[in-house]
Amino acid sequence: MRTLGRSACIAVMLPDLSTPEAFKQALLAAKSVVYGDPTLPNQSGEKAERILVQAGILDALKPRLKIVPAQAASQELIAKGEVEMGLYNVSEIPEGKGLALAGPVPALLQIATSYEGALMSDGSEPLAARAFIRFLANPEARAKWLAARLEPLADH
């Protein structure tokens, strides 16, 4: 069982993010951009910062960047209009709450997170673990993965 999580931008006004150049221009035109703390483990902030480096715009954005460790607090800044745009994993963007998914990071700049399930050779409950992985990989689970804005890989 493998699923994919993609990075995306959220904003109040929806910019064009359809190409790497449009993505860069939208972020450079933003008055402010927020993302999570890149030093915290398992946060989208590390991916967001790598995307900005890869796009070649991190240094230009530094004066307008806000790094906010708490995801809900940083997204609230966007909803209140205190920050113009944010970079998060698509699955981390709540419905409503004054936020809009502006779109995914263009494919050439995208850094996806791949989640995989596996059995441990010395696990204490191998039958339960195997049943859980089968449950997660079951075709009926696909709708739940999609509802969570994760992308089940076609071959699973």
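A salt bridge here is a side-chain nitrogen of Lys or Arg within 4 Å of a carboxyl oxygen of Asp or Glu. The structure above is a predicted model, in which local features need pLDDT of at least 70 and side-chain atom pairs count only at pLDDT 80 or more, while totals for chains, interfaces and linings use all residues. Residues are numbered from 1 along each chain as its sequence is written, and side-chain values use heavy atoms, with hydrogens and water left out.

The protein chain has six helices and eight strands; helices (H or I, at least four residues) and strands (E, at least two) are DSSP runs, numbered from the N terminus. Along the sequence these elements follow the pattern β-β-α-β-α-α-β-α-β-β-β-α-α-β. The protein chain has 156 residues, of which 39% are buried. Buried means under 20% relative accessible area, exposed means over 50%, and partly exposed lies in between (1.4 Å probe, protein chains only). The accessible surface of the protein chain is about 8900 Å², and 58% of that surface belongs to carbon and sulfur atoms. Accessible areas come from the Shrake-Rupley method with a 1.4 Å probe; for residues, only the protein chains shown count as cover.

The interior comes next. In soluble globular proteins, nonpolar side chains tend to be buried together. A nonpolar core is a set of buried Ala, Val, Leu, Ile, Met, Phe, Trp, Tyr and Cys residues joined through side-chain atoms within 4.5 Å. The largest such core holds 21 residues, and Phe23, Leu27, Val33 and Leu52 touch the most other members. Two or more residues of this core come from each of α1 (20–29), β3 (33–35), α2 (44–55), α3 (58–61) and β5 (85–89). Helix α2 gives the largest share, four residues. Apart from its neighbours within four places in sequence, Leu52 is in contact with Leu27, Tyr35, Ile57, Leu58, Leu61, Leu65 and Leu87. A second, separate core has eight residues, among them Val68, Tyr88, Ile93 and Leu99.

In α1, the residues Ala22, Phe23, Ala26 and Leu27 are buried. They lie on the same side of α1 because they cover an arc of only 130 degrees around the axis, the arc being that of the directions from the helix axis to the C-beta atoms. In α4 (residues 71–79), the buried residues are Ser74, Gln75, Leu77 and Ile78. These cover an arc of only 145 degrees around the axis, so they too are on the same side of α4. An α-helix has 3.6 residues a turn, so residues three or four places apart point the same way.

Just after α4, Gly81 takes a positive phi of about 85 degrees. Arg149, which is not a glycine, also has a positive phi, of about 60 degrees. Arg149 is located in the loop between α6 (142–147) and β8 (151–152).

Side chains of opposite charge can pair when their charged atoms come close. The whole structure contains four salt bridges. In one of them, Lys24 pairs with Glu21, with the closest N and O atoms 3.8 Å apart. Both residues lie in helix α1, three residues apart, about one turn of the helix. Lys24 is partly exposed at 22% relative accessibility, and Glu21 is partly exposed at 45%. Another salt bridge joins Glu46 and Arg50, whose closest N and O atoms are 3.2 Å apart. Glu46 and Arg50 are four residues apart in helix α2 and therefore separated by about one helical turn. Lys62 and Asp59 also meet in a salt bridge, at 3.6 Å from N to O; Asp59 is exposed, with a relative accessible area of 60%.

Glu92, in the loop between β5 and β6 (100–104), is buried yet has no salt bridge. With Lys and Arg counted as positive and Asp and Glu as negative, and His and the chain ends not counted, the nearest side chain of opposite charge is Lys47, 7.5 Å away from Glu92. Not counting residues up to four places away in sequence, Glu92 touches Ser44, Gln71 and Gln75.

Key. Contact means heavy atoms within 4.5 Å.
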